[in-house]
Amino acid sequence: MPDAATAESPILQLRGLRKKFGDLEVLKGVTIDVRQGEVIAIVGVSGSGKSTLLRCVNLLELPTDGDIVFDGKRVPYESAGHVFSSASRDISRLRAEIGMVFQQFNLWPHKSVIENVIEAPITVRKIPRAKAIADAERLLDSIGLLEKRDEYPARLSGGQQQRVAIVRALAMKPKLMLFDEATSALDPELVGEVLALMAKLAEEGMTMMVVTHEIHFARQVSDRTIFIDAGLIEEEGPSREVLNNPRSERTRQFLDRVLHDRGVE
Amino acid sequence: MSSSGQDIASYSGMYNAVDGWWNQIEVYLPLFVPASWVVIQVSVLSIVLSWACGLVCALAKTSGYRVLQYPAEFYLWFVRGTPLLTQIFLIYFGLPQLGIRLDPFTAGVVALGVNGGAYVAEIIRGGLLGIPQGQRESALALGMTYWQSMRRIVLPQVVRIIIPPITNDAASTIKNTSLLSTITIMELMLQTQVIVSSTFRPFEFYILVSLIYLAMTTVLMVGMRWAERRHAIAY
């Protein structure tokens with residue numbers, strides 16, 4: 001839901017973001033501005049650090065160095081991760097504003113579809129149960145899965161599970177959505193329904209950061225593409241330029257490989 | 001079955017057992033009711049305490065904080081490396097020296113609960129490790145706190161996987177209440193010993209008390225199996 005007044009100010013700024021796992025530096029200083037309503041595709045080979053980058057944004061991984069500014073406020077991630085500190089509440093509040101969709105869906109198997117969707121609005125946002133259910137039903141209806149409201153996730157296809165996972169994140173009315181290889185674990189014939197939902201969200205003005213191997217999707221849906229290589233931004237720009245006429249040799253090699261593999265399929 | 005026949009039977013042991021044993025059991029059976037009730041009370045309280053100790057210890061061990069991990073490690077190491085009987089004596093006879101005086105019932109519950117907790121902790125920890133990391137991450141990513149993600153998302157799933165091992169542990173606790181006969185709690189074992197010492201019918205009464213223990217552990221196992229099935233319906 002883009003807000004006209006803030007349409008030009010970045011909703012998220014990453015400044016010189018670094019992340020080390022022991023001696024291994026996975027992110028070596030990444031700077032990105034994400035504007036309201038913008039859809040950013042993040043591509044790169046496995047192990048290039050793109051998933052880690054995404055997970056640093058909502059602090060599932062704590063950065064080693066650098067700044068994260070979300071909605072105009074610097075995120076005090078240094079004190080996060082301490083269960084008993086008050087900063088961990090700030091972190092939870094930040095995460096409530098940022099939706100995330102995982103490769104493995106991560107729906108909760110002991111809860112029905114509707115319970116998965118209303119859980120966070122009720123426990124985190126303290127929305128009354130009746131309203132949470134009404135909202136969830138509207139969302140489920142919008143993706144054509146309302147009749148599955150009382151099913152458990154195990155009874156849904158991978159594509160349906162992932163769409164429920166997206167709706168579960170949307171139920172929190174996030175200002176930013178992160179997609180971490182949302183279609184990589186899906187059977188090929190189920191990829192389309194998830195990409196279609198993501199494209200619909202993009203069209204409705206949702207701000208999105210999408211880590212993906214789906215180059216065609218990135219080209220058609222994303223405004224900007226960032227190519228990450230060995231923990232650094234190798235190339236970035238409007239998606240059509242980066243993905244059609246990459247300036248960097250590494251980007252070109254990567255695209256050749258990815259597009260070729262997809263072609264052979 | 002005259003009363004004089006009963007007397008002869010009790011003195012001549014097994015030879016006249018057929019004539020006298022049922023009479024004896026009929027006479028003494030009422031004494032097993034309060035003793036059983038003591039076992040049930042001690043067991044329920046100890047089991048609940050062991051779950052609480054086990055949960056706290058498992059969360060401490062998986063917390064990633066050394067200040068929590070080390071005490072938990074020490075607790076597991078001490079409790080699992082020493083005999084339960086020693087622990088019971090330590091709590092009942094030893095603690096009064098430090099000014100902590102517990103009545104036998106409380107001391108028994110504490111000893112069995114703390115002892116069971118060490119085993120429950122490892123069961124829960126195993127259960128926690130059995131839940132994919134993504135389950136908690138998706139809860140955290142939606143803004144839940146550590147406690148919310150544990151209580152609402154992770155632990156309900158842990159409960160389901162640990163029901164069978166936790167049942168075995170609870171059955172052990174019921175059986176271990178027999179050790180509390182050593183600290184003057186009039187539970188089933190001590191009651192039986194008292195009766196045997198005046199009837200000289202160890203075989204009959206130890207069989208009888210075995211059947212009572214079996215009834216309790218069987219009810220527990222059936223109950224837990226029912227709980228397991230109820231939790232399994234969902235998925």
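This is a predicted model: local features need pLDDT of at least 70, side-chain atom pairs count only at pLDDT 80 or more; totals for chains, interfaces and linings use all residues.
View 1. From α7(B), the residues in contact with α9(B) are V159(B), R160(B), I163(B), P164(B), I166(B), T167(B), N168(B), A170(B), A171(B), I174(B) and K175(B). Facing them from α9(B) are Y213(B), M216(B), T217(B), L220(B), M221(B), M224(B), A227(B), E228(B), H231(B) and A232(B). Sorted by type, the residues of this contact come to 14 nonpolar, four polar and three charged.

**View 2. The axes of α7(B) and α9(B).** A pair of packed helices is described by the angle between the two axes and by the distance between them. Here α9(B) covers residues 202–232, and its axis comes within 10 Å of that of α7(B). The crossing angle is roughly 170°. Angles over 145 degrees count as roughly antiparallel, and α7(B) and α9(B) are therefore roughly antiparallel to each other.

**View 3. Where chain B touches chain A.** Moving out to the interface, chain B brings 22 residues to the contact and chain A brings 28 residues. Together the two chains bury about 2200 Å², with 62% of that area coming from carbon and sulfur atoms. Which three residues supply more than any other three of the area that chain B buries against chain A? They are Y65(B), A141(B) and L142(B), with 27% of that area.

**View 4. Polar and charged links across the interface.** Between chain B and chain A there are ten residue pairs in polar contact, and two salt bridges cross the interface. In one salt bridge, the side chain of E137(B) meets that of R55(A), at 2.6 Å from N to O. On the side of chain B that touches chain A, the elements giving two or more residues are α6 (133–141) and α7 (146–176) of chain B. The residues on that side of chain B divide into 13 nonpolar, seven polar and two charged.

**View 5. A salt bridge between two strands of chain A.** Over all chains, the structure holds 30 salt bridges. One of them joins the side chains of D33(A) and R15(A), with 3.0 Å from N to O. D33(A) sits in strand β2 (residues 24–35) of chain A and R15(A) in strand β1 (residues 10–21) of chain A, so this pair ties together parts that are 18 residues apart in sequence.

Notes
Residues are numbered from 1 along each chain as its sequence is written. Chains are lettered from A and ligands numbered from 1 in the order in which they are written. Side-chain values use heavy atoms; hydrogens and water are left out. Contact means heavy atoms within 4.5 Å. Buried area is the accessible area (1.4 Å probe) that two parts lose on being put together, summed over both. A salt bridge is a side-chain nitrogen of Lys or Arg within 4 Å of a carboxyl oxygen of Asp or Glu. A polar contact is a pair of N or O atoms within 3.5 Å; within protein, one must be able to donate a hydrogen and the other to accept it, and residues adjacent in sequence count only if both atoms are side-chain atoms. Helices (H or I, at least four residues) and strands (E, at least two) are DSSP runs, numbered from the N terminus. Ala, Val, Leu, Ile, Met, Phe, Trp, Tyr, Cys and Pro count as nonpolar, Asp, Glu, Lys and Arg as charged, and the others, Gly among them, as polar. Axes are lines fitted to C-alpha atoms, for helices over the stretch in contact, and angles run from 0 to 180 degrees between N-to-C directions. Angles under 35 degrees count as roughly parallel, over 145 as roughly antiparallel, 65 to 115 as roughly perpendicular and the rest as oblique.
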